[in-house]
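Please examine the sequence and the model shown here before reading on.

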Amino acid sequence: MKLDAILVLDFGGQYCNLIARRIREHKVYSEIVPCDITPEEIGELNKRMNVKGLILSGGPWSVYEKDAPKFDSRILKMNIPVLGLCYGHQLIAHFADGKVEPGTKREYGIANIVVDKPVGVLKGLSRREKVWMSHGDTVYELPGDYEVLAFTETCPIAAFRHKENPIYGLQWHPEVVHTENGMKMLSNFIFEVCRCQANWKPESLIDKAIHETREIVGDGKSIIGLSGGIDSSVATFLAAKALGERLLAIYVDHGFMRFGEAEFVERTFQKHGVNVVIIRAQERFLKRLNGVIDPEEKRKIIGSEFIRVFEEAAKKIGAEYLIQGTIYPDRIESGFRKHSDTIKTHHNVGGLPAKMEFKAIIEPLRDLYKDEVREVAKIMGLPSELVRRQPFPGPGLAVRIIGEVTQEKTMLVRKADKIVTDEIEKSGFGDRLWQYFAVLTETKSTGVKGDSRAYGYTVAVRIVESKEAMTAGFAKIPYEVLERISTRITNELPQVTRVVYDITHKPPATIEWE
C-alpha cells in the first residue's frame with residue numbers, strides 16, 4: 001500500500017526538517033525534496049507514494065536577491081495543495097505578481113496575529129493567536145484572485161489563500177513550539193486541505209536503516225564512533241543488528257568526556273553483546289587544541305582527529321566503512337544543504353577532513369530529530385539508562401570551555417557539570433528537561449572567600465526545555481535549586497568566584513555556547 005505523503009521543498013531554512021518532523025507526528029509520511037523539484041519529478045515520486053500536498057519551507061533569503069532559490073511555478077497548477085511558510089509565503093506572493101518588500105519593522109520572536117477569516121489552514125483558530133515570526137521582508141499586496149486571512153500590526157498580509165485553488169501562505173512558522181496552535185494549523189493543512197490518511201508508522205525507520213547499512217557494507221566490515229550519547233548508541237544498536245560480528249564500536253576518550261563515561265560505555269554495550277574498544281587519546285587531542293580559541297576551529301580539529309583515530313583503528317581489523325550517529329540538527333546547523341547558513345560546525349559533519357580512508361560514511365539517523373531517535377530507541381528495547389540520557393556534544397567539554405582548552409579548565413568544567421547534573425537529577429527535574437550543564441566562561445571576576453579577596457572564573461549554568469533541539473526555551477528552575485548549584489560550585493571549586501544562569505531561548509542563542 002502506498003503511503004499518503006507531504007513533500008517539503010527545501011529552501012535552506014533552519015526549520016525545514018522540523019516541518020517534515022511535525023508532519024510525521026501526525027502519522028503522515030513526509031519527505032524533503034529540492035526546492036526546484038519539477039512536476040515531472042513529483043510524478044515519479046507518485047509511483048511509490050501518494051503526494052497529497054507540498055510545503056515550501058522558509059529560508060535565509062530575499063525573493064529579490066540575485067541567487068535566491070526559486071520553485072518551478074508549474075507546481076501551482078498541479079491541483080496539489082501548496083502551503084508556503086515564511087520565505088515560501090513570500091515566494092508564492094512574488095510569483096503571483098504581488099508586492100514583497102523589506103518590512104518597516106522586522107519581526108523576530110513571538111507576534112500576535114489577528115485572524116480575519118478562520119478557514120482552511122486557519123480553521124478553528126481564535127480571533128487572536130500567538131505565533132513565531134522570523135522575517136525581514138513582508139508581503140504588502142496580492143492580486144485579486146487571492147484573499148488575506150490574517151495580519152499583524154506591522155504585517156498587513158500575514159496569511160493568505162487563493163480564492164479557488166488550495167494555495168496558502170503563512171508568514172509565521174507553525175512548525176515551532178512557540179506558535180501556540182501551530183500543530184492545529186499543520187493538521188488543518190494535512191487533513192482538511194490535503195485529505196491525507198494517517199497511515200505511516202515510525203517502526204519503518206528501523207527497517208530502512210538496517211537495510212541501508214547492510215546494502216552499503218555488503219560482506220565488508222565497519223567501525224562505528226560510539227560516544228555513549230543517545231544518537232551514537234541507537235546508531236550502534238542498529239548497526240549491530242545489520243552487521244553483527246562485522247561491526248566494531250570504538251569509543252574515543254579524547255579527555256573531554258563526563259565523569260565515568262568510558263566505564264559506563266564499556267559496561268553497557270558489552271553487556272548487550274556489542275564489540276567495544278576504548279581508545280585513550282587525551283594527550284593527542286589536547287596537544288592539537290593547544291592555543292586554539294575559535295570554536296569553529298576547535299570543532300574542525302576535533303572532527304579531523306576523530307577520523308584519524310578511526311582510520312588507524314579500522315586498518316587493524318580491515319574495516320572500510322565508518323558509521324556515525326549524526327542526526328539532522330547536526331547537519332542543518334553545519335550548513336550542509338545548498339541554500340542553508342552555517343550556524344556552527346559539528347565535529348562529525350562540517351568538521352570532517354576533506355580526505356578520508358573510508359569507502360563510505362554511513363549515517364543511519366541523518367534525517368531524524370533527537371525525539372525521534374529516542375522513539376526508535378524505545379521501539380528497539382534499548383536500556384532505559386540510554387534512552388533517558390541528555391544530549392552531550394561530540395567535542396565534549398572542549399566546547400563548554402570558552403577560549404583556550406587546558407587541563408585545568410577541563411577539570412573545572414567537568415566538576416561543575418557533575419554538580420549541575422547531580423542537583424538537577426536529585427531535585428527530580430531531569431525527566432522534563434532537554435539539557436542541563438555548566439560552561440566555563442573566559443570572564444573572571446572578584447569574589448570573597450574566607451574573608452579574603454579572590455579572583456576567579458565565572459561559570460554559566462545552562463538548563464533548557466525542548467522537544468527536538470531546533471528550538472528551546474530556558475527552564476524556569478526554582479531558585480532554591482539554582483542556589484544549591486551555585487553554592488556547591490563556588491564552595492567545591494576554589495578557582496570559581498561567580499555563577500550565572502543563562503536565560504536565553506533558542507533562537508536567538510544556540511543550546512551550547514560554542
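Residues are numbered from 1 along each chain as its sequence is written, and side-chain values use heavy atoms, with hydrogens and water left out. The pLDDT, the predictor's confidence in each residue from 0 to 100, has a mean of 90 for the protein, and 95% of the residues reach 70 or more. Over residues 342–351 the pLDDT is below 50, yet this stretch has 47 contacts in the model beyond near neighbours in sequence (contact: heavy atoms within 4.5 Å). Where pLDDT is low, the predicted coordinates should not be read in detail.

Helix α11 spans residues 370–380, and eight of its 11 residues are buried (under 20% relative accessible area with a 1.4 Å probe, protein chains only). Helices here are DSSP runs of H or I with at least four residues, and strands are E runs of at least two, numbered from the N terminus. The buried set comprises Lys370, Asp371, Glu372, Val373, Arg374, Val376, Ala377 and Met380. Their cover includes α1 (16–25), α5 (203–217), α6 (230–243) and α12 (384–387). After α11 comes Gly381, with a positive phi near 75 degrees.

The lining of the second largest cavity consists of Arg258, Gln390, Pro391, Phe392, Arg400, Asp417, Thr421, Tyr436 and Phe437; a cavity is a set of points on a 1 Å grid over the protein atoms alone where a 1.4 Å probe fits but cannot get out, and lining residues have an atom within 4 Å of a point. Two or more of these lining residues come from each of α13 (407–426) and β15 (435–449).

Definitions and conventions
This is a predicted model: local features need pLDDT of at least 70, side-chain atom pairs count only at pLDDT 80 or more; totals for chains, interfaces and linings use all residues. Buried means under 20% relative accessible area, exposed over 50%, partly exposed in between (1.4 Å probe, protein chains only). On a 1 Å grid over the protein atoms alone, a cavity is a set of points where a 1.4 Å probe fits but cannot get out, and a pocket is an open set with protein on both sides within 12 Å along at least five of seven lines; lining residues have an atom within 4 Å of a point.
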